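Reader: Could you take me through this model, from the fold of a single chain to the way in which the copies meet?

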Protein chains: 2
Amino acid sequence: MNPYEMSRKELSKDLARLQRAIKDKNIPVLVIFEGWENAGKGRMIQELIRDMDPRTYKVQVFDTPTDEERRKPFLWRFWNRFPKRGDFALFDRSYYQTFMETQQLGRGLKQDNLKDIFDLERSLSEDGMLILKFFLVVGREEQIERHNEIAFNPATAFRVTQRDLDQIGHYAAFEVLFQQMLESTSSEFAPWHVVETTDEKQAAEEILRIVHTSLTKALEAVPEEAPAREEIHVPDLLSEVNLRLTIDKDEYDEKLDPLQEEAKDLAYILYTKKIPTILVFEGWDAAGKGGAIKRLTREMDPRGYEVVPIAAPTPVEHQYHYLWRFFAHLPKTGHMTIFDRSWYGRLMVERVEGFAKPEEWERAYEEINEFEEHLNNWGAIVLKFFVHIDSDTQLQRFEDRQEDEYKQYKITDEDWRNRDKWPEYEEAINEMLWRTDTSRAPWIIVEGNQKEYSRIKVLETFVNAVKHRLKEEEYDK
Amino acid sequence: MNPYEMSRKELSKDLARLQRAIKDKNIPVLVIFEGWENAGKGRMIQELIRDMDPRTYKVQVFDTPTDEERRKPFLWRFWNRFPKRGDFALFDRSYYQTFMETQQLGRGLKQDNLKDIFDLERSLSEDGMLILKFFLVVGREEQIERHNEIAFNPATAFRVTQRDLDQIGHYAAFEVLFQQMLESTSSEFAPWHVVETTDEKQAAEEILRIVHTSLTKALEAVPEEAPAREEIHVPDLLSEVNLRLTIDKDEYDEKLDPLQEEAKDLAYILYTKKIPTILVFEGWDAAGKGGAIKRLTREMDPRGYEVVPIAAPTPVEHQYHYLWRFFAHLPKTGHMTIFDRSWYGRLMVERVEGFAKPEEWERAYEEINEFEEHLNNWGAIVLKFFVHIDSDTQLQRFEDRQEDEYKQYKITDEDWRNRDKWPEYEEAINEMLWRTDTSRAPWIIVEGNQKEYSRIKVLETFVNAVKHRLKEEEYDK
């Protein structure tokens, strides 16, 4: 049926049918409502959900961030509430509001966070999300009238905010700012729909119609053929690693304690300075990641850091963008999260084993760089360790583990299977190290054939990086 | 090996072995650390985790509650971080700290929340959780010494709190209070272990030994035979429901709008008064729960309430106490959560289909009553609607649904299967209505054969209950 020939009631009813089709097709749908104060966001959401099945939508209200949310990256609280595949999330305000609150009237649009938002929407859209953005507009006189209605009714007076008053007082300046924001953030994959809400019934009908049309289009869309992968030349970084590097046992014993003490003290300083830290540990099976992490954290206050071991995603996690589950684990400011394996699984095991499609892991290089940039913009120290060993060393360690009753559990059939794919993993790792090594989130390749050497290197790298950052902070003052 | 003959190092290493056995046996383990300020909680946790596998433990720090946590029931933030089956949670402070903060020195122990805590630990323990509680003690002089050490080191001075100073100033009064607390909250299933930490090494060893012994005991424990169920006489409440009650269409049309408007206004008042509301909807398949909820919420601000449809628990949810997933959905103060099906699944579908063992659903009556009592203590309005229809009406509706292309999706093979067990469900529902109807969280049986009647009844019950509560609040002033 043509949505332009449908009544509001028919549209609403048919929306429930489309909602089920969306569920069947596993498409996540994000509907954002932004706009002028008193433009009727609440009412429009109410009309939209009228006949929707509450099992697959959620209204998410973004008010002032909570204490905890303030201590996380800008986009964290939104990531937490994105819809899973097949579900709808209706956002009452969004990252656009947060963005607008950093603006100053009459100064033109400040560009901070604009790239974060653009990257985010592109990445979600490439992952299959349908994004609809409504900006509700109301004329100045109507706004004042609605304001008065709310302000002079004792049951609703509490809803008046400073924002209402600001907008009424500086209508024209806000208009300019909103216009600039809409122009800068409308994109092919996430366009803005500006809806005039003076006539609420008509506005609701228009929104229903746009949602209806967009859902129908999304359901009919045929996934595009992925473009053939361009041949790229990747340097063989692993082959350049000097795996013969070792350290004397005496030197090891001498260095370990003071380094651990220093790491502990630095962790406290990061805590007091509210600098968040994210450490990533990747490496071959039996490369010694766990041991290196234990040595690094040995003296640290366990209340300030968390080790997050990453395994294969659960069925629930599969229902989201693959970065979603990592957002949930990000530290608060001043805290440290150590990822034992990480989002780089996308570029290693998921690529090699075919758990991700080629177009999925191909676009992950960019997504990951953007993600880490976002962490960096937030102020985090991001360090990524790749613990490298050669194939013989791995074999030796596998065999040792099988003989030690305390370590047997560590070795599984899967480890042996992975081992058979050594060359494929080498190729993937080289490309990963090459394409995701950035100054903001550098890779540190750790020579791991001798465990003592690698443990000291991890500790020293951490200590130096933190000291470097603290020195920078001082200069910035 | 006898833990009393093991060195600290051996104990620590062997703990990792026990940890894997606990994982295999799916036992959740909660270790709580409380005690005097500067008694070394951080250090003791550090020693405990030294050789533990970070994949199956988590250190959970409970500091001052966040804004959001303050707006939830007292126990909410702890429920959120309990360990899943097979995992360890190490709590650095806990609900005992929260409890102690409500106390006043020299006044004797205030009993508020004591029952909540006792019920909680009993319920977790019955669900299979091993609960270990350590109370760390340090003498007054040692405490002052440690305080000075922290306070006079610039890297750690930030760790000094008002609590430290209070305890140093009023050591004897705190001692009395702590003693009373320990005596009131030690139980067979969750005993306190008081550990003197002046010698930190020795204290760490003692804790390791207690943990080692307790884990070993838990692993050897043979589940007790469930006692035979006592014969109880349950009145046939459903048979007393007058399903012939109807309402004129005209009367329905006349009443609906004003009731919906009133419900909306009352929801705003609850919002401003920060009263949380929890509504539960249960009933036969096709009884009209969804329609009743839609009519109830039609005019409400969608930002103030949430409809939470409850389906069968996911594999992850199965890893926790069955009430866990409901805690996650509780509203903030001032907000409303409407459960479309609920924790009562335990006493209906899980009982009838055998998804819960008889001893599990048998103890659920008490657990649910305690849970709702906890909600009530927090200040919530709790209303539970059971929408009742007779078997013929259900059949009629099933057949109607199958003929309507917009409603076909609503009817599944499972609905027909459930229908075959009508008498078993009747028996379970009668017992549920009888044993969980409390003045703090009453059941409202809604006559559902005529949908119009049931919708109006739900609206009227809601409106009256809220008005009644608001009147009470006024008297309380």
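Author: Two residues are taken to be in contact if their C-beta atoms, placed from the backbone, lie within 7 Å. The model discussed here is a predicted one.

Reader: What share of the contacts in chain A with a separation of 6 or more comes from residues 24 or more positions apart?

Author: Chain A holds 20 helices and ten strands, and its C-alpha trace spans about 80 × 50 × 40 Å along the principal axes. Among contacts in chain A with a separation of 6 or more, the share that joins residues 24 or more positions apart is 82%.

Reader: What is the mean pLDDT of chain A?

Author: For the model as a whole, the scores are ipTM 0.74 and pTM 0.83. Within chain A, 100% of the residues reach a pLDDT of 70 or more, and the mean is 92.

Reader: Within what arc do the buried residues of H6(B) fall, seen down the helix axis?

Author: Helix H6 of chain B, residues 114–126, has 13 residues and reaches 18 Å from its first C-alpha to its last, close to the 18 Å expected at 1.5 Å a residue. Its buried residues are B:Asp116, B:Ile117, B:Leu120, B:Glu121 and B:Leu124. Seen down the axis of H6(B), these buried residues line one face of the helix, because they fall within an arc of 125 degrees.

Reader: Which elements of chain B do the buried residues of H6(B) pack against, and which residue just after H6(B) takes a positive phi?

Author: The partners of the buried residues of H6(B), in chain B, are helix H5 (95–101), strand E4 (130–137), helix H9 (171–185) and helix H16 (358–378). Just after H6(B), a positive phi of about 110 degrees is taken by B:Gly128.

Reader: Which residue of chain B comes closest to the rotation axis?

Author: Chain B is superposed on chain A, with an RMSD of 0.1 Å, by a rotation of 180 degrees with 0.1 Å of shift along its axis. The two copies are therefore related as by a two-fold rotation axis. Of the residues of chain B, the one that comes closest to this axis, at 3.4 Å (C-alpha), is B:Asp67.

Reader: Why can the copies be said to meet through the same surface?

Author: The contact takes 32 residues from chain B and 32 residues from chain A. On the side of chain B that touches chain A there are 15 nonpolar, six polar and eleven charged residues. The copies meet through the same surface because the share of interface residues of chain B that are also interface residues in chain A is 100%.

Note on methods:
Residues are numbered from 1 along each chain as its sequence is written. Chains are lettered from A and ligands numbered from 1 in the order in which they are written. This is a predicted model: local features need pLDDT of at least 70, side-chain atom pairs count only at pLDDT 80 or more; totals for chains, interfaces and linings use all residues. Ala, Val, Leu, Ile, Met, Phe, Trp, Tyr, Cys and Pro count as nonpolar, Asp, Glu, Lys and Arg as charged, and the others, Gly among them, as polar. pLDDT is the predictor's confidence in each residue, from 0 to 100. Helices (H or I, at least four residues) and strands (E, at least two) are DSSP runs, numbered from the N terminus. The expected span of a helix is 1.5 Å times one less than its number of residues. A residue is buried if 20 or more other C-beta atoms lie within 10 Å of its own, exposed if 12 or fewer, and partly exposed in between; C-beta atoms are placed from the backbone. The arc is that of the directions from the helix axis to the C-beta atoms. Copies are superposed by least squares on the C-alpha atoms of residues with pLDDT of at least 70 in both.
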